[in-house]
Amino acid sequence: MEPPGKNADTYTVRDRFRKSWLPIAAAVGAFAGFVSAAFQLRPDAKPVSGGAPRAAEPFAPQQSSGQPTLDYELQYSKSVVIGPPGSAHQFQRSLLGVAVGPKDEIYVLGEDEIKVFDSGGGFLRSWKVLQGAYCFTVTADGRVYVGALGKIEIYNRVGIWSGGFPAGEADKPAAITALKIFRNEVLAADADARYIRRFDQNGRQLGVIGIRNNTGNFMLPNRWLDFDIDSNGLVTATDTGRHLVTAWALDGSPVSSFGKFGMTDPAHFVGCCNPVNLALTPDGKVVTAEKMVARVKVYEPGGRLMAVIGPENFDPACTHIYLAVDSTGRILAADPVRRTITGFSQANKVGRSQPLTSEASPMDSQKREEFNIL
Amino acid sequence: MSEKSTRRKFIDRSARIAGFVGIGATAGVLARRVSGDHVYQVDPFKCTACDKCRTSCVLSFSAVKAVNDFEKCGYCMLCPAYFDVTSFPDEKGIPSGKVCPQDALKRRVVGKEDPDDPNNNYYEYVIDEERCDGCGKCVKACKPPAGNGSLRLEIRYARCVECNECAIKVACPDQAIIRVKTPGMAPTESPDETKVL
Amino acid sequence: MRRRFSRGQLRFIAPGRVRFLLVALAVFAASVLYAQYQRTPPDFGESYSFPTPTHPEPDSAWIHSLDILMLVAGLGLAAWLVLKRRSRNGVMMLSIGALAYFGFYRKGCICPIGAIQNVTLCLADSSYLISIGVIAFFFLPLVAALLFGRVFCSGVCPLGALQDMVLLWPKKVPQKLDRALRWLPYVYLALAVMFAGWGLHMKLGSWEIRAARRFLICEWDPFIGLFRLSGPFYMLAIGAGLILLGMFFGRPYCRWLCPYGGILSLLSRFSWKNVQITPDKELDCGLCAEACPYGAIRELRADRATCLSCARCYDSCPRHHELRKEALVQVKPS
């Protein structure tokens, strides 16, 4: 370090440090760096402080666990299950909808196919439909209308394609998420435009339902619009963003609505966008399905809660529970995660549940065997 | 200056040649498996928002932030990632608690506003990256079925120092940190379609 | 080897367009596959336009090419400074520059020491890919070692540069201890290779250890916490400890821990050109051996395996200074 020849005795400590300023400075700098890293003294090393106002009394929704539903006026119990794991007609990939056809036959849409089961759950027939179908409905004479992005296709009762028409405009195709037939009109829910379109049998649009709102059409954060129509032509539709069940006349004028957001009262709708699916019973009661707390509820038309089919019956990851009601009032709920369709029939008010048989007609032994295979 | 014996020189030269040949051969083998630039990114389909992104990053203020995919977002009034839906509701029925501990999720009304009924409005949700620490509570709350799944955790390359081995990847219990080609967009399609339903 | 710069070039030609295309492609793919949920969002009317989510891009391709260029330049410059110019000041300047660029600017990553792991992993598992930068960073200093000795250690490695800079009062380590400690880098190398390529599966009767693949070198890098100014406490503590040690026992990590140094010392034994302390005559004064803080001078010759090419020995050689003075006198017209 010292140049050769220099006398070591005259080399003072000060001289040494004058020569060694660089290593000292480097060492000091390195230690400072380590200390600042250890204490995270960099300006961007810590998030801007400031927490959120926390709830004073946090509480959880009350009715999410398997509480008995004895408090409600109506009781439901399982009466048929279609497509459980291991069954011959299990849906492998997807389950997208359920509807009731003539003679209370159960029609199911899944993996680009429509499968038809009788009311006891016995498989009858199936046929392929177009890819990308979202929803469908069955007329009283067994014709099937299938809705997809921008079009509606019609199949006859044995499954032969027999026509169709486009829905929506070329640049804004209708995202059809629900279909119903009323007299000679085809009603299609368009979740992109956020109203219900009315077509005649040839595909000519007659009008829309749902645009006379305060601020523009249905609010659909989950991009799905479901509705049903009763025998008088009253349309009941879901308005998920507003947590409402809304009723409209066919000409588009609003009639009534009920529902509100709430996490604790079972009569309210949980989460951000509910109810996700809806169906009407033959006597006019409204059946709703919710996600986040996967359950099915039955309301009177005025909004009074009549029954709850609790979340223990459905997979908690469901984002939809497709609904259909047959002529006996049995509710068919399609669980797209477990890919099963469960029928819930009304049980006695006392709470005794019926044995696992179909309520519609006494089953003969052959049908019972078919059911067991399922 | 020392004189090396010729034997020593021979050993040196042959060892050098052997060294070059070895280097060349190994480099050749490796060169056949060269890829383009790859960076680390969070796979939103595997991520379970476990909070390890916040704590495992080598940077004390993690390079992982939540981002909102506006195409998927529902613009809900009652965003389950913004509001703690299990908290006590105020007189209007809106939950009083928030999910984000850092208050990093900002909301504002968009579109036509109804001043009387907040239920009638759409809200835009944006994350303030100066506050977000990557804990993932909002991401967990937005996952289906509660939400649309538009919020996801993402490695922000303006902050990421691009380590050779991502420390979050080592800690992640779901193997959700994957390598993607630059520019580092997270995968947009779920590998299992039925999961969406 | 021609590197495919197509993506980098594309970004130069049409940066905005490529990014938009990727985002549009992603959105399209998402909308097709998420048929039920991800169609057109509602139009909020009025003047609302969707905010474009920002996606800050990672370092573009050209910075990795720049790194390779700087590495080549640094190695070449170090070789010239050590072997031709024989300048301690030059080597010191170069090492400060390397510390600034490879250390603090590039945050010490990617480095050849860590590249051992990438190369091991790529060779052990054929499903893994490797980048050109890693290949260059691993092999170029090895080539330089075969040619010129450990010039990487002298002026290019940021870890070495940092330790070299804090060397205040070098003490000699007893030779036996030094020789024993010089086995440690190979132990570390073996552990790093094993963990990077395969992980650890050990069974001893009923007692079993299973550890997944890890990059040990990256996890125990002593100075990267300083370069990033952030890190877990144990890494910062080890780094500070090595700096403290390095103030008195020159370059402890380089001599006794660095696995890449172990590889370099094996290769530099056969280097084509190596450090020659005196330019012509040997004076047998032994001042170089006194001056060398790393104990790399054996029998008044630079030991090629351990010499870190720091050029301090030139500074202490009287013959070197005599020749310098003569050269100056010749130039001056007096």
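Start by selecting chain A, which has three helices and 24 strands. Helices and strands here are DSSP runs, numbered from the N terminus: a helice is H or I with at least four residues, and a strand is E with at least two. Chain A has 374 residues, and 57% of them count as buried. Buried means under 20% relative accessible area, exposed means over 50%, and partly exposed is in between (1.4 Å probe, protein chains only). Of the contacts in chain A with a separation of 6 or more, 48% are between residues 24 or more positions apart. A contact means heavy atoms within 4.5 Å.

Before you click on, a word on what you're looking at: this is a predicted model, where local features need pLDDT of at least 70, side-chain atom pairs count only at pLDDT 80 or more, and totals for chains, interfaces and linings use all residues. Residues are numbered from 1 along each chain as its sequence is written, chains are lettered from A and ligands numbered from 1 in the order in which they are written, and side-chain values use heavy atoms, with hydrogens and water left out.

**Stop: Arg194(A)**

Stay in chain A and pick Arg194(A), in the loop between β11 (185–190) and β12 (195–200). Phi of Arg194(A) is near 65 degrees, a positive value in a residue other than glycine. Why point that out? Because most residues other than glycine have a negative phi, and most peptide bonds are trans. Is Arg194(A) buried or exposed? Arg194(A) is buried, with a relative accessible area of 7%.

**Stop: chain C**

Now select chain C, where you'll find 18 helices and four strands. Of its 334 residues, 51% are buried. Among the chain C contacts with a separation of 6 or more, 75% are between residues 24 or more positions apart.

Zoom in on Glu299(C), in the loop between β3 (297–298) and β4 (301–302) of chain C. Glu299(C) is another residue to check for its phi: the value is positive, about 50 degrees, although Glu299(C) is not a glycine. At 72% relative accessibility, Glu299(C) counts as exposed.

Next, find helix α3 (residues 61–85) of chain C and click on Trp80(C) there. Trp80(C) counts as partly exposed, at 45% relative accessibility. Which residues does Trp80(C) contact, leaving aside its neighbours within four places in sequence? They are Arg85(C) and Arg86(C).

**Stop: where chain B touches chain C**

Show chains B and C together. Here 57 residues of chain B are in contact with 73 residues of chain C. The size of an interface is often given as the accessible area lost when the parts come together. Between chain B and chain C the buried area (the accessible area, 1.4 Å probe, that two parts lose on being put together, summed over both) is about 5,800 Å², and carbon and sulfur atoms give 63% of it.

How many salt bridges does the rule find across this interface? It finds one, where a salt bridge is a side-chain nitrogen of Lys or Arg within 4 Å of a carboxyl oxygen of Asp or Glu. Select Asp12(B) and Arg304(C) to see it: their closest N and O atoms are 3.0 Å apart.

On the chain B side, the elements giving two or more residues are α1 (6–31), β3 (105–110), β4 (122–127) and β5 (151–155). Color α1(B), which gives the most, with twelve residues.

**Stop: cis bonds and cysteines**

Select Pro144(B) and Pro145(B): the peptide bond from one to the other is cis, with omega near 5 degrees. Pro145(B) is in the loop between α3 (137–142) and β5 of chain B. Over in chain C, the bond from Cys109(C) to Ile110(C) is also cis, with omega near 20 degrees.

Cys109(C) counts as buried, at 14% relative accessibility.
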